Amino acid sequence: AIAMRDVTLVADNELKPVLDLIGKLDADYQNSAQPLDRIFAGAQKQNDPDEVAILAQIKANEARTMPMIKHIVEARQAGNLDDARQMLLQNARPAFVDWLGSINQFIDLETHKNELESIEARRVAHQFHIWMLTLCVLSLFIGIIVATVITRNIGKALGAEPDDVKALASAVDRGELFHDVQLRNGDSDSIMSVLAAMSQNLRKTVAEVRDTAHGVSQISAKIS
């Protein structure tokens, strides 16, 4: 719109740069509009009706304004400055206002939708954080339960504290067989109970061997 105003204000020798600028702006606008058109053409069933309506209004305002631009430029190039200015003020200016208004309406709509999507994204992220925290707590709780069960099973298999089992095994290994082992109620198959039974059996065996040796010794004494 500013460039079109300049068309009716600049001198003849300054007209070409203004027209070149208008051509460049038009090319930039078309290059920006084409990807948007492809997006809406490729997803017609998913498009927001408000977006479609505003985009159609933009296209209508564009189709209404572009011929006016062409007419103003042609009038200016032909030297009809008054006609160009009259067309600009009476027709092109309101058309530009409507065109820009529909573009701004489209931008406002997309901005609003982006804000809503951002809110939804933050909500999902917050829920994900809560779920992850819940899963971590649940995993920790399950880990504690599993560790407790394993510890109890190991303790049941040992039949006593690990240090007590180790001490009894070391004593048996050294030949110390006379120990008062307190087993847990109902304990008959733990490592501690097996060591206690082994110690008792060894103690009986040693006693029997000692008695046998003593008897042999007495018999030998009588014979001699």
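This is a predicted model: local features need pLDDT of at least 70, side-chain atom pairs count only at pLDDT 80 or more; totals for chains, interfaces and linings use all residues.

Tutor: Residues are numbered from 1 along each chain as its sequence is written, and side-chain values use heavy atoms, leaving out hydrogens and water.

Student: What makes up the secondary structure of the protein?

Tutor: There are six helices and zero strands, counted as DSSP runs (helices H or I, at least four residues; strands E, at least two) numbered from the N terminus.

Student: Why is the protein called more spread out than a compact globule?

Tutor: The globule rule is 2.2 Å times the number of residues to the power 0.38, and the radius of gyration is taken over C-alpha atoms. For 224 residues the rule gives 17 Å, but the radius of gyration is 50 Å, well over that, so the protein is more spread out than a compact globule. Its C-alpha atoms fill a box of roughly 160 × 35 × 25 Å along the principal axes.

Student: Which residues have the most contacts inside the largest nonpolar core?

Tutor: They are Met4, Val7, Ile22, Ile72, Ala92 and Phe96, in a core of 25 residues. A nonpolar core is a set of buried Ala, Val, Leu, Ile, Met, Phe, Trp, Tyr and Cys residues joined through side-chain atoms within 4.5 Å, and buried means under 20% relative accessible area (1.4 Å probe, protein chains only). Helix α4 gives the most to this core, with nine residues.

Student: How much of the protein counts as buried?

Tutor: Of the 224 residues, 22% do.

How values were computed
Buried means under 20% relative accessible area, exposed over 50%, partly exposed in between (1.4 Å probe, protein chains only).
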